[in-house]
Each structure stands twice: as C-alpha cells, then as structure tokens.
Amino acid sequence: METPAFEVPVIDVSPYVKGGDAHSDADCARVARAFDAACREPGFMQIVGHGIDTAAITELTDALDEFFGLPISVKKGYRREPATNRGYSPPKSESLSMSLGIAPANQMNDYYEAYTVGTEAAMFPQLGLPELSYAANNWPDAAPGFRSAVNQYFVRAQGLARVLMTVVTDALQLPPGYFDPMIDHSIEVLKMNNFALPEGDSAFSGDLTGMGAHSDFGILTILWADRVPGLQVLDRDGAWHDVMPADGALLLNLGDAMARWTNDRWMSTIHRVDPPVRDGRIERRRSAAFFFDGNHDAVLEALPGTLAPGEIGYEPITVAANIAMKVAGLRTGVAPGATLREAERVAAAGEPR
C-alpha cells in the first residue's frame, strides 16, 4: 500500500487577524477546525493572511544580512553568558539535540550562527520579573540598522502570536480568554539564524548538522525562513519529511507547552535542519523564529478534561523551568534529568522520505 504524501496544511488566518472569533464568525470557526486538524496530525502548518507585510520581512532580512555580514571577530563581541539566551551565538557553539538529552552522532555542535533578542523585565516594571527569564538585550551597534528593523518585526510577531492564541483557544473549545492569565507577560524570543556554509561548490562533511533534532520550548513558534532546502519535520509515525516554505507564508509549529497542556493531543513539533544543498550546490539559508513561550510562572499541566480516566499526564513544570532545562542542554551540554517523550520519538525515528 502506498504511503500517503506528507502535506503541511496552508491555513488562511485572516478572519482572526481582522478581529473575529469562532463564536461569532463562521469563517473563524472553519479556521479553528482546520487548525485543530493540523495540530493533531503533522503539528506543523503554514499560515497566510497573517498581516505581516513584505516590507517588514524585507527589512528584517536586510538586518540579518547587515549583522551576519560582519567579521566574526566583531560578532563575537556580542556574546552573552549562556543562561541569558540573548546576544550572539557563533557557529558550532550550540547543540539543539542536547536540549532533548541527545548527543550529536557526529560529536559536533550545530554549524549555524544566531542572534537572539527578547522581552525584558524592564518592560514590566510593576511585576518584578526574574532577569534570567526576561534578560536585557544587547543590541549590536556595529550594525546600525539592525535594532530598528528587528524591533519592527518583533512587534508584528507579538501581535500575530496573540491573534493565534485566540485560534488556539477556539480550536481547543475553551472559554474565550482562557489563556490570558498565562500569557499577559509572556516570555517572547526572536532567534535569527544564519546557516553560514560557503555558497557554491565547496566541499562539506556529510556529517555536518545544521540544527539537530529538537522541539521548541514554549507555546508556539512563528517561523520565517528562506525558500531553501534543509528543514525537516518528524511526523507522528516516526518519519522525517522535507518542508519548503510557501511563498509569502509563515511556518507555524507547536512547542512543549501545548504538548503538556493537551497531553500530546497536540504534540510539540520535532524538527531539524540539514545542510542547505540543492543539486549538489551549497546555498545560504536564513531563518527567524519568534518563540511565544507564555508567562515564566505559568504551569504546564494537563488542561481540564484532557486526561481520560486513569491516563497519566506530564509531570507539572513551569514555563521558566522547562525553558531553563532545555537551554542548559542547548548551550552548555547539560542533558535534562529525565528522559523526555520528545527524545523517545527521535530515537524511534526512521530516515527521511
């Protein structure tokens, strides 16, 4: 019997972007049903009608080019201590598979370089938020156009993430505003990546890892990426599939919070990036992942009515504790103290289709 083709659903979220919801708008109700179906199966989708215009994305990519085009000696001046999850990360300084406790088979860290910014404690002075979860940003003054363009995109992504939480609430058939107390001072991070292999016919090691297999740490991730090969997604049957971003679409995947809240009705999406090679030639690949993680003190445990009688859910953990556990693996190589369900899925996975 022929294996069904793997498809990443494309969902037009414009009815929600315009301010609707499934309780009052039939178009929103259709979007919510499609969203639930996508989250139950591939756990990965592409969204159009998202409201982030081409100009904002162009300015973001120009900012990436401006910073990543600097000499490595200059870029390294913007490194931060690993726990803060801010600033510059040079090539081969992180291992995403270690966030699951999986050592890279090639014993080498991922070759991408990255720059990370996020929400700061100073944005919520009345709350006394922990600096570790809401660290201050260090903006690269060596790239004068970087801060403005990145901030503009960050604000757009923040707005879209909150629109998508209305979709999430409707798709799970929860009361309006259910998640509001869990996201009103959400940890939000934009990680901008540059897969910095020399372009062209240069030889490279077949063992080189772009990004190791991992799940994202929070609620959902909004991803812009070049239309260049490399991204692969693990399906529920344990097979890897190539994913190419559609023109004008943003990729959307679920993180650990949604898996824990729904007890894997909606699984966190396990994905990885292989070296970007097409027709034997190396191509440059850029991406920008906006991580919408939830409040640092929000508890990740099964939502009401999620568990069947006798079913065991995830051990409760706060958003901040889950992120800290994963970042420790990513940046310092300290594996999580327990075997994670996501790691078991990777261990059982087959080869790409």
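Which residues does Ser 215 touch, not counting residues up to four places away in sequence? The close-ups below start there. This is a predicted model, where local features need pLDDT of at least 70, side-chain atom pairs count only at pLDDT 80 or more, and totals for chains, interfaces and linings use all residues. Residues are numbered from 1 along each chain as its sequence is written, and side-chain values use heavy atoms, with hydrogens and water left out.

**View A. Ser 215 and its neighbours.** Ser 215 touches Leu 100, Asp 256, Ser 268, Thr 269, Ile 270, Lys 326 and Glu 342 (contact means heavy atoms within 4.5 Å). You'll find Ser 215 in the loop between strand 6 (211-214) and strand 7 (220-225); strands are DSSP runs of E, at least two residues, and helices are runs of H or I, at least four, both numbered from the N terminus. Ser 215 is buried, with a relative accessible area of 0% (buried means under 20%, with a 1.4 Å probe and protein chains only).

**View B. Helix 2 meets helix 5.** The axes of helix 2 (residues 26-40) and helix 5 (residues 146-171) come within 8 Å and cross at roughly 80 degrees. Axes are lines fitted to C-alpha atoms over the stretch in contact, and angles run from 0 to 180 degrees between N-to-C directions. On the helix 2 side are Val 31, Ala 32, Phe 35 and Asp 36; these meet Val 167, Val 168, Asp 170 and Ala 171 in helix 5.

Terms used:
Buried means under 20% relative accessible area, exposed over 50%, partly exposed in between (1.4 Å probe, protein chains only).
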